[in-house]
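Welcome! Here is a short tour for anyone opening this structure for the very first time. Take a look at the sequence and the model, then read on.

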Amino acid sequence: MCGIVGYVGPKEAAPILLQGLKGLEYRGYDSAGVALLNGSGVQVVKRPGKLSALAEAVDEADPRGTCGIAHTRWATHGVPNQPNAHPHTSSDGEIALVHNGIIENAESIRMQLLEAGYVFASETDTEVVVHLIDHLWTDGMPMEDAVSAALRSIDGAYGIAVVSSRDPNKIVVARDGSPLLIGVGKNGEMLAGSDAAAVIALTRQVVYLDDGDYAVLEPEGYRTYKLEGTEVSRSMHQVTWDVEAMEKGGYEHFMLKEIFEQPASLRDVMRGRLLEEEGDVRLGGIENHEFDLGRIKRIVTMACGTSWHAGLVGEYMLEEHARIPVDVEYASEFRYRNPVLEEGTLALAISQSGETADTMAALHEAKQRGVQTMGIVNAVGSTIARYTDFGLYLHAGPEIGVASTKAFTSQMVALAMFTLYMGRRRHLSVVQGREFLEALRMLPEQVEQVLELNDEIKALAEAYGDARNFLYLGRGYQFPVALEGALKLKEVSYIHAEGYPAAEMKHGPIALIDDDMPVVVLAPRDPVYQKVVSNIEEMKARHARLIAVVSDDAPELQGRVDHLIRVPQTIPALLPVLTTVPLQLLAYHMAVQRGADVDQPRNLAKSVTVE
Ligand code: AGP
């Protein structure tokens, strides 16, 4: 949610900043801008709309300079127009600033600055920060002192980058609640970015700032400080993926590429973790905490959106196979209702980005109440990954499509491995462990088989192209899959869709059913299969257009539904991984044929870093 890039070094900065923004465009795409120190002052170019509009404007304006900052925006305060686009500048144009986050005391600072004679050009909370820096900047002061003085007066969340012609060839960056890292390049190149995607074209060496840090970047190197002024050292990390992961690799959209990457991402999440002989898993990230895990009596999962759906699947797995009670909470609701967290509770955060503000806030609440925290996270080095006591990485590589696909299936498999780990230390025998493990091992190949249905599902999407509503139904393990199928369709195709427990339909929503309502029913062979068949009959009797996802020949459903989608059979706990994939493909093809912007759906951002 909003992306920041910065560059200082020997090269022209504009193309490097645009390339960095391209890597971050998934974080927001309402408007974008750059600011460069061009020798005589600060030159700003910004445009509403997608990055392509900015790229054209930069081409025309041809701003020069080897030090600059850039931003891609997801609007929080103020509509996405040119004045509200970042960078924002001081009234004399000598300071430029980009910001990700929300300044909570913006109004009171604005009042003070208005009294002091400042004039505002935008409706944003960000603009107060740049004027405040100007207000506090006295003659002879280095930029970092003015910036840190301003930040000490600010409440809220921020990742910022600042340049100024008053103290040129330098970028000051800071973070508190919104992500920011430094990219350490070669030959006098220093970069900054909201995440590694911003800098990966030039360097894999990154330094993650902690909350409350600021840093000074110059061609000669970087220095990191705590906000109160003490110099601190932050360690360097190596990004393990490369720039190809940020490209579409021949696919029309990132979403499709990422759907097709799932056999590989599932192999990656399991790589080196399955102990076939022992019927167990090796989970390096939690092994040192075995003692604490042994005391766990209850798990409270906190997550948002798709990650919350994975949490629900995990609840079913952990309760069935590890016999641990699990509650799955919307992170955004959790902290505001005085939750009960007794001793022996494990707070489990699930997040692809590791930056979701609601999930982070819930975790913070849990930590303050003294419970252990664990993360299941994809983005290495992200805030949630570093904040939790221990955890598991998904190793799915960067997920660029705003609609989460490969991260979801990897989250379910990570939860399955965690279930096996906990189960083997409680109730599961080695034989049961081996069965579970064998099913896990077969998943990537089975997903490959499901992907072969792509053309069939594309044709199905064409047949249902006129639909204005969709229902997704499932029971047991398939209920969260129904929720996820509906979410995918909503976010990329803008078709209204609802996921519902199949048996709950008769308690109200069945009133919606007529011959115009497509209903996707998840009916793989599992212990509730026959019950779901009865639910399908109830829909059929009311003339619904029925699509069933099954895991064998499903003789009971032959001729009873309009379309059958067949996925391979596995144990019920892992069937969600296989039944999800056709729903991802359906959402994708529905969106494409309706002309929607699949990778950058309207109003959304990939990583939601505001509460
Ligand atoms: C999924 O398709 C969504 N774009 C969204 O619901 C997402 O899962 C949610 O915002 C949570 O993100 P996280 O996994 O990065 O925390």
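This is a predicted model: local features need pLDDT of at least 70, side-chain atom pairs count only at pLDDT 80 or more; totals for chains, interfaces and linings use all residues.

**Around G159**
- You can find G159 in strand β7, which covers residues 156-164.
- Leaving aside residues up to four places away in sequence, G159 is in contact with I4, V98, H99, N100, A174, R175, S178 and L180.
- W241 lies 82 residues from G159 along the chain, and 24 Å separate the C-alpha atoms of the two.

**Two packed helices**
- Helix α10 (residues 305-322) packs against helix α17 (residues 478-493) at an angle of about 170°, and their axes are 9 Å apart.
- The angle is over 145 degrees, so α10 is roughly antiparallel to α17.
- On the α10 side, the contact is made by G305, T306, W308, H309, L312, V313 and Y316.
- On the α17 side, their partners are F479, P480, L483, E484, L487 and K488.
- Sorted by type, the residues of this contact are eight nonpolar, three polar and two charged.

**The ligand and its surroundings**
- There are 14 residues around the ligand, and the nearest of them are S307, S351, S353, T356 and E491.
- S307 has a polar side-chain atom 2.6 Å from an oxygen atom of the ligand.
- For S351, a polar side-chain atom sits 2.7 Å from an oxygen atom of the ligand.
- V402 takes part through its backbone, with an N or O atom 3.0 Å from a nitrogen atom of the ligand.

Definitions and conventions. Residues are numbered from 1 along each chain as its sequence is written. Side-chain values use heavy atoms; hydrogens and water are left out. Axes are lines fitted to C-alpha atoms, for helices over the stretch in contact, and angles run from 0 to 180 degrees between N-to-C directions. Helices (H or I, at least four residues) and strands (E, at least two) are DSSP runs, numbered from the N terminus. Angles under 35 degrees count as roughly parallel, over 145 as roughly antiparallel, 65 to 115 as roughly perpendicular and the rest as oblique. Contact means heavy atoms within 4.5 Å. Ala, Val, Leu, Ile, Met, Phe, Trp, Tyr, Cys and Pro count as nonpolar, Asp, Glu, Lys and Arg as charged, and the others, Gly among them, as polar. A residue is near a molecule or strand if one of its heavy atoms lies within 4 Å of it. A polar contact is a pair of N or O atoms within 3.5 Å; within protein, one must be able to donate a hydrogen and the other to accept it, and residues adjacent in sequence count only if both atoms are side-chain atoms.
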